[in-house]
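Subject: Structure handover

Hi,

Here is the structure for your files.

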Amino acid sequence: MEKLTQKEEEVMQVLWQLKKAFVKEIVPHLEGSNHYNTISTVVRKLEEKGFVGYEAYGKTHQYFPVVDIESYRNKYVNNAMTSYFNNSYKNMVSFFAKEEKISAQELREILEMIESKED
(Lines give C-alpha, C1' and ligand atoms only; values in the text may rest on other atoms or scores of the structure.)
Protein backbone atom coordinates (compact mmCIF):
# COMPACT_ATOMS: atom_id res chain seq x y z
CA MET A 1 0.00 0.00 0.00
CA GLU A 2 1.43 3.30 -1.13
CA LYS A 3 1.66 6.40 1.10
CA LEU A 4 -0.77 9.09 0.04
CA THR A 5 -0.08 12.79 -0.38
CA GLN A 6 -1.76 15.24 1.99
CA LYS A 7 -4.41 16.15 -0.60
CA GLU A 8 -5.04 12.47 -1.41
CA GLU A 9 -5.53 11.75 2.30
CA GLU A 10 -7.98 14.66 2.57
CA VAL A 11 -10.01 13.30 -0.35
CA MET A 12 -9.93 9.78 1.10
CA GLN A 13 -11.19 11.13 4.45
CA VAL A 14 -14.19 12.57 2.61
CA LEU A 15 -14.81 9.34 0.69
CA TRP A 16 -14.53 7.24 3.85
CA GLN A 17 -17.13 9.53 5.43
CA LEU A 18 -19.52 9.69 2.46
CA LYS A 19 -19.03 6.05 1.32
CA LYS A 20 -19.79 7.01 -2.33
CA ALA A 21 -19.54 10.37 -4.04
CA PHE A 22 -19.20 12.22 -7.30
CA VAL A 23 -16.32 14.72 -7.48
CA LYS A 24 -18.81 17.60 -7.21
CA GLU A 25 -19.95 16.12 -3.87
CA ILE A 26 -16.37 15.79 -2.57
CA VAL A 27 -15.25 19.37 -3.28
CA PRO A 28 -17.49 21.13 -0.70
CA HIS A 29 -16.21 18.86 2.09
CA LEU A 30 -12.57 19.91 1.58
CA GLU A 31 -10.98 22.85 3.38
CA GLY A 32 -9.69 25.81 1.43
CA SER A 33 -10.35 26.55 -2.22
CA ASN A 34 -10.31 23.45 -4.36
CA HIS A 35 -11.02 23.52 -8.05
CA TYR A 36 -13.20 20.73 -9.42
CA ASN A 37 -10.57 19.74 -12.02
CA THR A 38 -7.84 19.50 -9.37
CA ILE A 39 -9.93 17.23 -7.15
CA SER A 40 -10.95 15.18 -10.18
CA THR A 41 -7.25 14.63 -10.93
CA VAL A 42 -6.57 13.64 -7.30
CA VAL A 43 -9.44 11.14 -7.37
CA ARG A 44 -8.16 9.60 -10.63
CA LYS A 45 -4.69 9.26 -9.04
CA LEU A 46 -6.31 7.51 -6.07
CA GLU A 47 -8.02 5.16 -8.51
CA GLU A 48 -4.68 4.44 -10.23
CA LYS A 49 -3.11 3.68 -6.82
CA GLY A 50 -5.93 1.24 -6.03
CA PHE A 51 -7.52 3.22 -3.21
CA VAL A 52 -10.71 4.14 -5.06
CA GLY A 53 -13.10 2.38 -7.38
CA TYR A 54 -15.98 3.84 -9.37
CA GLU A 55 -19.30 3.21 -11.00
CA ALA A 56 -19.78 4.90 -14.37
CA TYR A 57 -22.96 6.83 -15.10
CA GLY A 58 -22.54 7.99 -18.68
CA LYS A 59 -19.58 10.36 -18.72
CA THR A 60 -19.50 10.84 -14.95
CA HIS A 61 -18.20 8.55 -12.23
CA GLN A 62 -19.32 7.92 -8.68
CA TYR A 63 -16.28 7.01 -6.57
CA PHE A 64 -16.04 4.79 -3.52
CA PRO A 65 -13.16 3.69 -1.26
CA VAL A 66 -11.59 0.32 -2.01
CA VAL A 67 -9.14 0.55 0.91
CA ASP A 68 -10.85 0.90 4.28
CA ILE A 69 -9.72 3.50 6.79
CA GLU A 70 -8.64 0.89 9.36
CA SER A 71 -6.24 -0.79 6.92
CA TYR A 72 -4.69 2.54 5.95
CA ARG A 73 -4.43 3.73 9.54
CA ASN A 74 -2.86 0.47 10.74
CA LYS A 75 -0.24 0.51 8.01
CA TYR A 76 0.83 4.10 8.60
CA VAL A 77 0.65 4.15 12.38
CA ASN A 78 2.83 1.04 12.39
CA ASN A 79 5.24 2.66 9.91
CA ALA A 80 5.42 5.83 12.03
CA MET A 81 5.99 3.82 15.17
CA THR A 82 8.82 1.86 13.54
CA SER A 83 10.41 4.92 11.92
CA TYR A 84 10.05 7.45 14.72
CA PHE A 85 9.51 5.58 17.98
CA ASN A 86 11.91 2.61 17.81
CA ASN A 87 8.95 0.26 17.39
CA SER A 88 7.82 1.09 20.93
CA TYR A 89 4.27 2.04 21.87
CA LYS A 90 5.67 3.34 25.15
CA ASN A 91 7.93 5.78 23.27
CA MET A 92 5.02 6.86 21.09
CA VAL A 93 2.62 7.48 24.01
CA SER A 94 5.32 9.27 26.03
CA PHE A 95 5.99 11.51 23.01
CA PHE A 96 2.34 12.56 22.95
CA ALA A 97 2.35 13.08 26.72
CA LYS A 98 5.48 15.28 26.56
CA GLU A 99 4.00 17.28 23.71
CA GLU A 100 0.80 17.67 25.77
CA LYS A 101 -1.23 16.04 23.00
CA ILE A 102 -2.76 13.54 25.44
CA SER A 103 -4.13 14.26 28.89
CA ALA A 104 -3.65 12.34 32.12
CA GLN A 105 -7.37 11.46 31.98
CA GLU A 106 -6.97 10.01 28.49
CA LEU A 107 -3.96 8.00 29.68
CA ARG A 108 -6.04 6.63 32.57
CA GLU A 109 -8.78 5.64 30.11
CA ILE A 110 -6.22 3.84 27.94
CA LEU A 111 -4.88 2.04 31.02
CA GLU A 112 -8.42 0.99 31.94
CA MET A 113 -8.96 -0.40 28.43
CA ILE A 114 -5.73 -2.38 28.67
CA GLU A 115 -6.56 -3.71 32.12
CA SER A 116 -10.09 -4.72 31.11
CA LYS A 117 -8.69 -6.77 28.20
CA GLU A 118 -6.42 -8.67 30.61
CA ASP A 119 -9.40 -10.06 32.53
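A word on exposure first: buried means under 20% relative accessible area, exposed means over 50%, and partly exposed lies in between (1.4 Å probe, protein chains only). This is a predicted model, so local features need pLDDT of at least 70 and side-chain atom pairs count only at pLDDT 80 or more, while totals for chains, interfaces and linings use all residues. Residues are numbered from 1 along each chain as its sequence is written, and side-chain values use heavy atoms, with hydrogens and water left out.

Surface patches

Patches are made of residues with over 30% relative accessible area and no salt bridge; like charges are joined within 9 Å, nonpolar side chains (Val, Leu, Ile, Met, Phe, Trp, Tyr) within 5 Å. Areas come from the Shrake-Rupley method with a 1.4 Å probe, and for residues only the protein chains shown count as cover.

The nonpolar patch consists of Val93, Leu107, Ile110, Leu111, Met113 and Ile114. Together they have about 480 Å² of accessible area. Helix 6 (residues 104-118) gives the most, with five residues. Val93 sits in helix 5 (residues 89-98). Its relative accessible area is 33%, so Val93 is partly exposed. Helices (H or I, at least four residues) and strands (E, at least two) are DSSP runs, numbered from the N terminus.

Glu106, Glu109, Glu112 and Glu115 form a negative patch. Asp and Glu count as negative, Lys and Arg as positive; His and the chain ends are not counted. A charge is placed at NZ of Lys, CZ of Arg, CG of Asp or CD of Glu. Glu112 lies in helix 6 and is exposed at 52%.

Hairpin

Strand 1 (residues 52-57) and strand 2 (residues 60-65) run antiparallel, joined by six bridges. Pairing needs at least two DSSP bridges between the strands. Val52 has Pro65 as its bridge partner. Two residues separate the strands, and Gly58 takes a positive phi near 65 degrees.

Salt bridges

How many salt bridges does the whole structure hold? Five. The criterion is a side-chain nitrogen of Lys or Arg within 4 Å of a carboxyl oxygen of Asp or Glu.

Lys49 bridges to Glu8, with the closest N and O atoms 2.7 Å apart. Lys49 lies in the loop between helix 3 (36-48) and strand 1, and Glu8 in helix 1 (residues 6-18), so the pair ties together parts 41 residues apart in sequence. Glu8 is buried at 5%. Glu2, Glu8 and Lys49 are linked in a network.

Best wishes
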